[in-house]
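Here is a short briefing on a protein model. Look over the sequence and the fold, then read the points below.

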Amino acid sequence: MAESTAAQLASTPEEKLALITANTQEVLNPDIIEEILSKNERPLRIYWGTATTGKPHCGYFVPMLKIAEFLAAGCAVTILLADVHGYLDNLKAPIELVELRVVYYRLCITALLKAVNVDTSRLKFVIGSDYQYSPAYMKDLLKLSTQVSVHDASKAGSDVVKQTESPPMSSHIYPLMQALDEEHLDVDAQFGGVDQRKIFALAVEALPRIGFRKRAHIMNPLIPGLQEGGKMSSSDPDSKIDLIDTAEVVKKKLKKAFCPPKQVEGNGVLSFVEHVLMPASALKNNGVACFSVPRRDAETKTYSDIKQMKEDYLADVLQPQSLKPAVTDALLEILGPIRAEFEGSQEWRDVEQKAYPPPPPPEKKQKKQKNLGSRFPGAGAGKDDETNGDVVAKPDGHLEGKGAQEVAVGVKGLSVDDNAEKKA
């Protein structure tokens, strides 16, 4: 993994390439990036897309900090608010909520970028449905579908699209559209998490089959969730901290976070320092990363190098009871302006309620009536008592209850013409 905490403006092609590939886990086809930078005729064009599904969380700081480095390298960056993808991914975003979630995502992402000192005026926001329903896009999508097998489409989306026993066809369309977006957004590279790698590989292989050029792909690492195992995810409330969580909620979640002593691998708290808090501090301190950990019975430890911090943690010089409060304070400092903006914006608060309506209260359990049989006063007469005298259709289609026979005869005796007459 390339490492850097500087996000200062780069001028030479070498400096730009170093900044573009910094803090990444993998880059596919870097020669495409190098060629455009060496010609120095125009900015490198990159897009990052996000499906507008669950609420954005603090894991979104990782791509936002990388976007800051792209801008510092002089790249032209497009942010795709992928509303159609959100709907295609097993209906994660119901169609009636998609437009509202697009608004919510844009407000969150803009506030998040401002919180780490990124000039949002240099970004271009695009909504997927603004061009993905066009005849030209649909024609290209159909062409691409003839060049990709169901097996390859399913494999490409396996780490991104929700997996079910009997997946809908939309889960196969999703990766094809993500590949095709590179052409219709006219970019040189797509940026995303390492979990997107299979979709990126599909794009490299499939787009040339229908006459489009292949692109470069830049991947950032995924930070572990706050609970043991897995990544920080919108679908798991305990694994993440939402951008608009209150200070009390943030403190509570970090206090419960998985952070065993002398363990670096899978430690979500330590990873959050590495991939969010230290790079964010570099943006505020002219490229110099700095993270301080006050300790109760010892002097404060200040780190500018994540390697030294990990070594101290493994050696038990740095312990969870010191690390967690330090992370909490540093995160609240970043989230404070975002929370304040949310509370001061009627539009943002309204759209949050509409885009993510609270779930309906659970239905109260109906009290089951006891069948006392016919030997007690007031008891019913067997099976008819269970239906309170009403005719009830059973799962196998037969009818039970008083008058069931008459209804059955009436249904059997009803002809298509009689039914049509009644409708008329």
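Glu 274 touches Pro 279, Ile 306 and Lys 310, not counting residues up to four places away in sequence; contact means heavy atoms within 4.5 Å. This is a predicted model: local features need pLDDT of at least 70, side-chain atom pairs count only at pLDDT 80 or more, and totals for chains, interfaces and linings use all residues. Residues are numbered from 1 along each chain as its sequence is written, and side-chain values use heavy atoms, with hydrogens and water left out.

**Helix 11**
- Glu 274 sits in helix 11, residues 268–284 (helices are DSSP runs of H or I, at least four residues, numbered from the N terminus).
- Glu 274 counts as buried because its relative accessibility is 16% (buried means under 20% relative accessible area, with a 1.4 Å probe and protein chains only).
- The Glu 274 side chain makes a polar contact with the side chain of Lys 310, at 3.1 Å (a polar contact is a pair of N or O atoms within 3.5 Å; within protein, one must be able to donate a hydrogen and the other to accept it, and residues adjacent in sequence count only if both atoms are side-chain atoms).
- Ser 271 also lies in helix 11.
- Ser 271 is buried too, at 11% relative accessibility.
- Beyond four places in sequence, Ser 271 is in contact with Ile 223, Pro 224 and Val 276.

**Nonpolar cores**
- The largest nonpolar core has 83 residues (a core is a set of buried Ala, Val, Leu, Ile, Met, Phe, Trp, Tyr and Cys residues joined through side-chain atoms within 4.5 Å).
- Phe 61, Ile 67, Phe 291, Met 309 and Leu 323 touch the most other members.
- A second, separate core of 30 residues includes Leu 88, Met 177, Leu 202 and Ile 210.

Key: Buried means under 20% relative accessible area, exposed over 50%, partly exposed in between (1.4 Å probe, protein chains only). Helices (H or I, at least four residues) and strands (E, at least two) are DSSP runs, numbered from the N terminus.
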